[in-house]
Protein chains: 2
Amino acid sequence: MVITSTSNQQMKHIKELLNKGKERRKEKLFVAEGIRMVAETPRERLEKIYVSESFLRNQPDLRGLDLSEAVIVQDQVFRQISDTQTPQGIMAIVRQSEQSLENILAQEDTLLLFLENIQDPGNLGTIMRTAEGAGVTGLIMSRDTVDIYNPKTIRATMGSLYRMPFVYVDDFCDTVHQAKKKGVCVYAAHLKGTEYYDRKDYRQSVGFMIGNEGNGLTKEAADCATDYIRIPMSGQLESLNAAVAAAILMYEARRQRHL
Amino acid sequence: MVITSTSNQQMKHIKELLNKGKERRKEKLFVAEGIRMVAETPRERLEKIYVSESFLRNQPDLRGLDLSEAVIVQDQVFRQISDTQTPQGIMAIVRQSEQSLENILAQEDTLLLFLENIQDPGNLGTIMRTAEGAGVTGLIMSRDTVDIYNPKTIRATMGSLYRMPFVYVDDFCDTVHQAKKKGVCVYAAHLKGTEYYDRKDYRQSVGFMIGNEGNGLTKEAADCATDYIRIPMSGQLESLNAAVAAAILMYEARRQRHL
């Protein structure tokens, strides 16, 4: 059987999961797109795979994927459902999975990232991607941070979504305090910081707090930090992009840990 | 007089300048949007300012802008012309201005960025913004790099567009060679690099070459470099976002120069 209409129930379901965070949260599902994302999905979390007719015809490198139970979709329908401009012809419905805060905080030599209210899906995905590269051990996000299962975020993670431990928390400040009790030194990236980020020692357990793109950290959140740090800026710039600021801090920690 | 239709010649002109790089290049003009970008535009480059009716009514902080010759546009028309989702109600047609390669290369203690075929407008803008913060002295772009006057790029620069010297060059490799002749040590960020970026000394004149988001540097370009460097990555990541990679390198240079 081939799905030939966008009004097919399964197609409508995918469209909802792509467009509506609320629907994703309710069903604890999301949509992974592209051969790489689908192939990297842990098998036990794969609910259903959809492929376009031409995808099947082109006999792509399946990277070990089993398509015997995949649902086939007409090319034109697939293109209309897809969230990308040039769809590869494969997507999957995948079960969400969060790590527990306890596990994230129980690790040794932690390098944590605390994100408060990051709103740009691309920024969040880029931060997660960079975090994997920098050796971050966990990503802790305030509840009002953009949905990590937003299709734009997923694309920007380049697969880190499946490898980087992350959790959304209801009480951001309380979580910072919990981390501090476990011996994590939590630094708030803040324009009020008097000490430059590269003057601190990040070889012990540390965390970095990064705030919203436009407004930075709330006063309440910044007050929870062990200390403020600042990334110096030449010229007349008032701030750096949130993903860039996070990258500079994470990679400084990585640099120090590998000296 | 108030412009009341999107088919007004001036409105059509703005739309063309927003949407078409070719048109921008032909006329050597571009559109700056938002009070901050317009206010930061050097006066001698301002061709014409457009404001919405409600912008005028709200008596905003004009940051020294003179609106006496501004053209007034109906709110609804302004919204349709604007490239942003929630327009502030002010935009301007601005004359393009490039620095000369000679001037950029003539500086002392240069910190240069060589961008080859960066395609994402947001990435390019973010790179320029970060470059200002890191104290980069000039941005050199291959001709096939995305247009710096793309509205998305302009927004992402956060005003750095007016402060960071930049130039597009026809012969990318020849330009790298010219810089090397002036004593600039040019490093190619490359997965083939065996030495980590933080093991090099960037306190002399240096340049970093960053390649296309998907493919990295072309072999031809990478071969022009003085040396390869690599940003180490933990986990299973294959690459970093181009703007993130550029930020890590630029800020490592800044860190070393301010020790």
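In this predicted model, helix H8 of chain B supplies the largest share of the lining of the second largest cavity, with 3 residues. The volume of this second largest cavity is about 60 Å³. Its lining consists of B:Leu18, B:Val31, B:Glu33, B:Met37, B:Asp83, B:Pro151, B:Ile154 and B:Arg155. Two elements of chain B, strand S2 (29-33) and helix H8 (151-157), each give two or more residues to this lining. Classed by residue type, the lining of the second largest cavity holds 5 nonpolar and 3 charged residues, with no polar ones.

The largest cavity has a volume of about 80 Å³. Residues of both chains line this cavity: from chain A, A:Tyr197, A:Ile248, A:Tyr251, A:Glu252 and A:Arg255; from chain B, B:Tyr197, B:Ala247, B:Ile248, B:Tyr251, B:Glu252 and B:Arg255. Helix H11 (242-257) of chain A and helix H11 (242-257) of chain B each contribute at least two residues to the lining of the largest cavity. The greatest contribution, 5 residues, comes from H11(B).

Counting cavities of 30 Å³ or more, the structure holds 4.

Terms used: Residues numbered from 1 in each chain as written. Chains lettered and ligands numbered in written order. Predicted model: local features only at pLDDT ≥ 70, side-chain atom pairs only at ≥ 80, totals over all residues. Heavy atoms only, no water. 1 Å grid on protein atoms, 1.4 Å probe; cavity = no way out; pocket = protein on both sides within 12 Å on 5 of 7 lines; lining within 4 Å. Points joined across faces, edges and corners; volume = space filled by probe spheres on them. Helix = DSSP H or I, 4+ residues; strand = E, 2+ residues; numbered from the N terminus. Nonpolar A, V, L, I, M, F, W, Y, C, P; charged D, E, K, R; others polar.
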